[in-house]
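I opened the structure file today to look through it step by step. These are my entries, kept in the order in which I looked things up.

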Amino acid sequence: MHVPIISRLKWCLSGIAFLASLCLAQTDPGVRGGPSGAGGPVAGLSTALTAAFNLGLTNFQEVEDVSDGLGPRFNSNSCVSCHTQPAVGGTSVVRRK
Ligand code: HEC
């Protein structure tokens, strides 16, 4: 299909202008100071949900072995070996393969 060069140029320039506006609108606030305020349950959980959260947190930090189902190919033996940023349960600094 033939698209006139002027039309292509308009699309290209508007794309560049759009990307430039996105870049110029961003500022990096830098590393946040103080405690992360992360890793805990959300506020207002019921007793049952708080217990479920705590059970999950314990399981998340458990070190697994063969009797727990750890097979011959694994990249770690505990969820928390990766998910630690900024607190237990957070994002991983280690990449999965
Ligand atoms: C070898 C490192 C590693 C281990 C061990 C690991 N993860 Fe992850 N996981 C990652 C990476 C990397 C990602 C993708 C980036 C991210 O969300 O941190 C991820 C993503 C996730 C996500 C999606 C997060 C989201 O916001 O979309 C969940 C849920 C998760 N992992 C749960 C677990 C659980 C549960 C375990 C333990 C049974 C576990 N992970 C063990 C590295 C790991």
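**Entry 1: confidence.** I noted at the outset that this is a predicted model. I looked up the average pLDDT of the protein and found 88, with 97% of the residues at a score of at least 70. I then asked which element has the lowest confidence and which the highest. Helix 1 is lowest, with a mean of 84, and helix 2 is highest, at 97.

**Entry 2: overall form.** I listed two helices and two strands in the protein. Starting at the N terminus, their order is α-α-β-β. For the extent, I took the box along the principal axes, and the C-alpha atoms fill roughly 65 × 40 × 25 Å. I looked up the radius of gyration, which is 24 Å, whereas a compact globule of 97 residues would have one near 13 Å. I also checked burial and found that 0% of the 97 residues are buried. Among contacts with a separation of 6 or more, 33% join residues 24 or more positions apart.

Entry 3: Helix 1 covers residues 5-25, which is 21 residues. I looked up the distance from its first C-alpha to its last and found 30 Å, close to the 30 Å expected at 1.5 Å a residue. Is helix 1 covered or in the open? The number of buried residues among its 21 is zero, so helix 1 lies largely in the open.

Helix 2 covers residues 47-61. Its 15 residues should span 21 Å at 1.5 Å a residue, and the end C-alpha atoms are 21 Å apart, which agrees.

**Entry 4: Ser 46.** I found Ser 46 in the loop between helix 1 and helix 2. Ser 46 has 8 other C-beta atoms within 10 Å; a residue with 12 or fewer counts as exposed, and therefore Ser 46 is exposed. Leu 22 is 24 residues from Ser 46 along the chain, and their C-alpha atoms are separated by 42 Å.

**Entry 5: Phe 60.** This residue belongs to helix 2. I counted 13 other C-beta atoms within 10 Å of Phe 60, so I recorded it as partly exposed. Which residues does Phe 60 contact, leaving aside neighbours within four places in sequence? They are Cys 79, Val 80, Val 88 and Gly 89. I also looked up Ser 78, which is 18 residues from Phe 60 in sequence, with 6.9 Å between the two C-alpha atoms.

**Entry 6: Ser 76.** I located Ser 76 in the loop between helix 2 and strand 1. Ser 76 is partly exposed, because 15 other C-beta atoms lie within 10 Å. Not counting residues up to four places away in sequence, Ser 76 touches Ser 81 and Cys 82. The C-alpha atoms of Ser 76 and Phe 60 are separated by 12 Å, at 16 residues along the chain.

**Entry 7: the ligand.** I found 11 residues around the ligand, of which Ser 76, Cys 79, Cys 82, Thr 91 and Ser 92 come nearest. This shell divides into three nonpolar, six polar and two charged residues.

**Entry 8: a cis peptide bond.** I looked at the bond joining Gln 85 and Pro 86 and recorded it as cis, with omega about 0°. Pro 86 is in the loop between strand 1 (83-85) and strand 2 (91-92).

Methods. Residues are numbered from 1 along each chain as its sequence is written. This is a predicted model: local features need pLDDT of at least 70, side-chain atom pairs count only at pLDDT 80 or more; totals for chains, interfaces and linings use all residues. A residue is near a molecule or strand if its C-beta atom, placed from the backbone, lies within 6 Å of it. Ala, Val, Leu, Ile, Met, Phe, Trp, Tyr, Cys and Pro count as nonpolar, Asp, Glu, Lys and Arg as charged, and the others, Gly among them, as polar. Helices (H or I, at least four residues) and strands (E, at least two) are DSSP runs, numbered from the N terminus. The expected span of a helix is 1.5 Å times one less than its number of residues. A residue is buried if 20 or more other C-beta atoms lie within 10 Å of its own, exposed if 12 or fewer, and partly exposed in between; C-beta atoms are placed from the backbone. pLDDT is the predictor's confidence in each residue, from 0 to 100. Two residues are in contact if their C-beta atoms, placed from the backbone, lie within 7 Å. The radius of gyration is taken over C-alpha atoms; the globule rule is 2.2 Å times the number of residues to the power 0.38.
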